[in-house]
Structures are given as structure tokens and as C-alpha cells.
Amino acid sequence: MQDIVWPIDECRVCGHDDWLDVVSFGSTPLAGNLLGDEDDAGGETLFPLDVVVCRRCWLMTLRHVIEPDVLFGHYRYVASDAGSIIQHMRKLVDLCVERIGLTDGDLVVEFGSNTGAHLELFRQAGPRVVGVDPARNLAGVANDRGVETIPAGFTAEVGQEIATRYGLARLVYGRQCFAHIPDIHEVLNGVSALLAPDGLFFVEVPYLVELLKNNQFDTIFHEHFSYFSLGSLCTLFESHGLRVVDVHTADVHGGSIVVFAAPAAADHEVRPAVAEMLAEERSQGIAEERTYREFADRTERVRAQIRELVRGVVADGKTVAGYGAPTKGSALLAACGLGHQEIRFCSDTTVLKQGRILPGSRIPIWSPEQAAGHVPDYYLLLAWNYAPEIIDNEKEFLENGGRFIVPIPEPRVISAESTL
Ligand code: TMP
Ligand code: ZN
């Protein structure tokens, strides 16, 4: 076991080892490792899921690291094609084009580029694009659609190789993948090798302040090593000669931040939003131990409330299914002790997930078409980050007497009469 999971010695950002224990979910299976017929239905390996925060730079992180091959070997995450995400991607392309003044000859490199959907939008705006993604199956899909994608993790070597083949990049881009990378310094070495002196480095990460405030304990799972605030990102980037020059909030994945950094030597203008957000996160208690203790207390309470609500509904003879089968849904069910006894199936639009089984809880994943033949009394909204569009799309379900259970920040029941 020691060769596939081990405790981290020092903080991934600042190098200290001054940890505060935040919350522990015990030992759980890998939430994103959806099982298929080929998998042994016997024992799934359980891994410790303990959360700590660094008292020096306030990076929140998992106490243990799992060997990446074990973690991502069966990676089936396909970036969402939900309408709101596509709209968001278009906005980001416009923001980057405007912010950097990208023109046709410029190079945009995305790491964690998944199936290349986002790079395709960049390419339509003019620049040349290259993707980098360690999941070979996804890189293959991207290459098939004509978005050149290197099947690898993004490292100094890969950054260097791209720079040699295509020239320096005006934009190096990483959306919603930074939290999944154990060795983020290696990524930043790649950025240094590849970024043009007048280029910008972009990351979008789920925002720790929102996670804490909205009890998003289900976004804590093994694939997510790091939970960033703007402060911890600034500390990290500074150690690689990068300065954060702009920040925006983004209403995706429960509340994220979009951060632009430039080579410190470039003497780039720093937008006031940076100092404003740093001050705001301090006032929200990001650097105070009690903030994390209170989050842990709320997490305990909300886990119990979700479990009791769902079990109560089932005890009343009603049926419950999961809406969506996101990794955080699997994590939520594990954290709340809910399984196939309570949840009949999870409906999910992602073809790669359909026909598979959630780890731990062993709930089957069905297509929406299959689910339509078995409409439950209640849908537990595991994909709560899309709540407005899902509830809007499911008017008929609600009008026919169906209900949604929205699990976080506090579990609540939505019916045709209630508003979100
Ligand atoms: P994500 O939060 O990681 O993007 O995962 C959301 C999951 O929910 C993804 O597997 C797709 C699924 N989903 C549905 O099944 N129906 C929907 O209407 C939406 C928006 C998402
Ligand atoms: Zn630290």
C-alpha cells in the first residue's frame, strides 16, 4: 500500500509542514473510478481521505498522495458539454483574446485540454492551438477532431518541446485541472519554458472560499489534491517568477476564480481586483484556524442531514435516484453513507459513464432515456452545480409531482411550487 499512497511531507506550495487537521472522511474508494463489468466486484481498494490546511500559506490539501497511475489510470472524466459551460468557455475565449490581444499567428497551449472542445473555440478565434492531456483516450478524441494534442502530463520537458516545435506561447491555459496535479511546480516549470515574455498564464480553479462558505464537502475527493485561494496561488506563482495581474470570479463548479499571471520581469499592470480579492479573502477568515473548524462542524451536520432526509423519504415508501453521476456525487454518497439501498440509479448524459457502476455505493449509471422509464419520486441533485439549468429543463418532472433534493449548502426539497 505504501507504494501507491503516502502522506505528503511538506506543503506543495510553500514547503513548510505546519498542518492543521480539517476533516476526515475515513477510507473511501476512488470516487471517479467508475466500475465496469470487467472490474472485480469483490474488494475495492480504499484510500484515506483526510483534509489538512497549511498554517503558513493556507493551501488546503489532502494529507495523502495517491500514485497518479492508480488515480487516473481509468480516467473517464469528459469535460461537461452543459450549455452553461459552453457559454462560459466562449466568454473566457473572448476575455483572453481581448486581454492579451491574441492574433492569428499567436500560439495558445492548454494543459488538461481533455477532448479539445475549448481549444477548438480558441482556434475559431484565430490563434494556433496545441493541447496537452495525460489521458490518452481523451487526447485521441481531440486529435481526431483536428486539435493537435500531446498525450502527456505538462512538464518542463513538454513545455520545452512545444516551444522548440511551435515557438513561445502568448497564452498558457489550464482550466479546472490545477487541483488534480500533484507536482504543480513541474507544471510551472513547463509554463516558464513556454510562456512568451509578453504572454499570460491562465488558470481557473474552484475557489476555496466558496467551498468553505457553501459546505461543498463533496468536492473533496482523491483526484482533487489542492484547494486554492488567491493568496495561496500568489505564493505559488511568485516562487516561479510569475506575478498575478488580474482575477475574475466565475459562476461554474460551485464558484471558481479565473487568474491571470505574467512573468514578473514583464512589469505588467496589476489590476485592482487582485488586491481587492486578497483583502476580501482575509476578511472571510481564510487565514484563521476557526474558519476550518467551523467548516468541519457544518460538514458533519450537513452529511447527517442529507442521510436522514434521503432515508426518511425512502422509509415513506418513495423512490429516489441520483441526477447526474459526477465524481463529487460519488463522493457525496460515500460521505453520507448512502448506497444502492436508497438510490436506485443515477441518470447521466455522459455516454462514457452510462452502463457503469459508482464505486463504493454500487449504484448503476443509466442514460436519461433509460431513466425515463423509471421516473423516481425524488431526484437527489448530485450535479448541483448545474441546478438552475437542470431544474429549468425538468419542469415536466416537477409538474408531474416529482421533487428534487438539492444537497448543499443545506439539503432542501424543490417542488413545482417552490422556487430555487
Ligand atoms: P461535472 O460537475 O463534473 O461537470 O459533472 C456533471 C455531471 O452531470 C456530468 O457527468 C454530466 C451530468 N449531467 C447530466 O446528467 N444532466 C445534465 O443536465 C447536466 C447539466 C449534467
Ligand atoms: Zn503552505
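Me: Where is proline 409 found?
Reply: Proline 409 is in the loop between β18 (403-406) and β19 (412-414). Keep in mind that this is a predicted model.

Me: And the peptide bond from isoleucine 408 to proline 409, is that cis or trans?
Reply: That peptide bond is cis, and its omega is near 0 degrees.

Me: OK, on to backbone angles. What is phi like at asparagine 114?
Reply: Asparagine 114 has a positive phi of about 55 degrees, although it is not a glycine. You'll find asparagine 114 in the loop between β6 (107-111) and α3 (117-124).

Me: Is asparagine 114 buried or exposed?
Reply: Asparagine 114 is buried, because its relative accessibility is 8% and the cut-off for buried is under 20%.

Me: What about arginine 362, where is that one?
Reply: Arginine 362 sits in the loop between β15 (343-347) and β16 (365-366). Its phi is also a positive value in a residue other than glycine, near 60 degrees. With 26% relative accessibility, arginine 362 counts as partly exposed.

Me: Switching to the metal. Which residues are the protein donors of the zinc ion (ligand 2)?
Reply: There are Cys11, Cys14, Cys54 and Cys57, each through its SG atom, lying 2.3 to 2.4 Å from the zinc ion.

Me: What is the geometry of the zinc site?
Reply: The site is tetrahedral, with angles of 101 to 118 degrees among the four donor atoms. For reference, the ideal angle for four tetrahedral donors is 109.5 degrees.

Me: How are those donor residues spaced in sequence?
Reply: The spacing is C-x2-C-x39-C-x2-C. Cysteine 11 lies in the loop between β1 (5-7) and β2 (19-28), while cysteine 54 belongs to strand β3 (residues 47-54), so this pair ties together parts that are 43 residues apart in sequence.

Me: Are cysteine 11 and cysteine 54 buried or exposed?
Reply: Cysteine 11 is buried, at a relative accessible area of 3%. Cysteine 54 is buried too, with 0% relative accessibility.

Me: Now ligand 1. How many residues surround it, and which are the closest?
Reply: Ligand 1 has 17 residues around it, and the closest are Lys328, Asp348, Lys353, Asn385 and Tyr386.

Me: What do aspartate 348, lysine 353 and tyrosine 386 do there?
Reply: Each has a polar side-chain atom close to an oxygen atom of ligand 1. For aspartate 348 the distance is 2.7 Å, for lysine 353 it is 2.8 Å, and for tyrosine 386 it is 2.7 Å. As for cover, the protein takes up 89% of the 490 Å² of accessible area that ligand 1 has on its own.

Me: Nice. Where does threonine 61 lie, and what does its side chain reach?
Reply: Threonine 61 lies in strand β4 (residues 60-62). Its side chain reaches the backbone oxygen of phenylalanine 225 at 2.9 Å. Threonine 61 is buried, with 0% relative accessibility.

Me: Last one. Where does alanine 266 lie?
Reply: Alanine 266 is in the loop between β13 (256-263) and α9 (272-283), and it is partly exposed at a relative accessible area of 34%. The C-alpha atoms of alanine 266 and leucine 242 are separated by 9.3 Å, and the two residues are 24 residues apart along the chain.

Definitions and conventions:
Residues are numbered from 1 along each chain as its sequence is written. Chains are lettered from A and ligands numbered from 1 in the order in which they are written. This is a predicted model: local features need pLDDT of at least 70, side-chain atom pairs count only at pLDDT 80 or more; totals for chains, interfaces and linings use all residues. Side-chain values use heavy atoms; hydrogens and water are left out. Donors are N, O and S atoms within 2.8 Å of the metal (3.2 Å for Na, K and Ca); water is not among the atoms, so sites may look incomplete. Four donors count as tetrahedral if all angles lie between 85 and 135 degrees; four count as square planar and six as octahedral if opposite donors are over 155 degrees apart and all others between 65 and 115; anything else is irregular. Helices (H or I, at least four residues) and strands (E, at least two) are DSSP runs, numbered from the N terminus. Buried means under 20% relative accessible area, exposed over 50%, partly exposed in between (1.4 Å probe, protein chains only). A residue is near a molecule or strand if one of its heavy atoms lies within 4 Å of it. A polar contact is a pair of N or O atoms within 3.5 Å; within protein, one must be able to donate a hydrogen and the other to accept it, and residues adjacent in sequence count only if both atoms are side-chain atoms. Accessible areas come from the Shrake-Rupley method with a 1.4 Å probe; for residues, only the protein chains shown count as cover.
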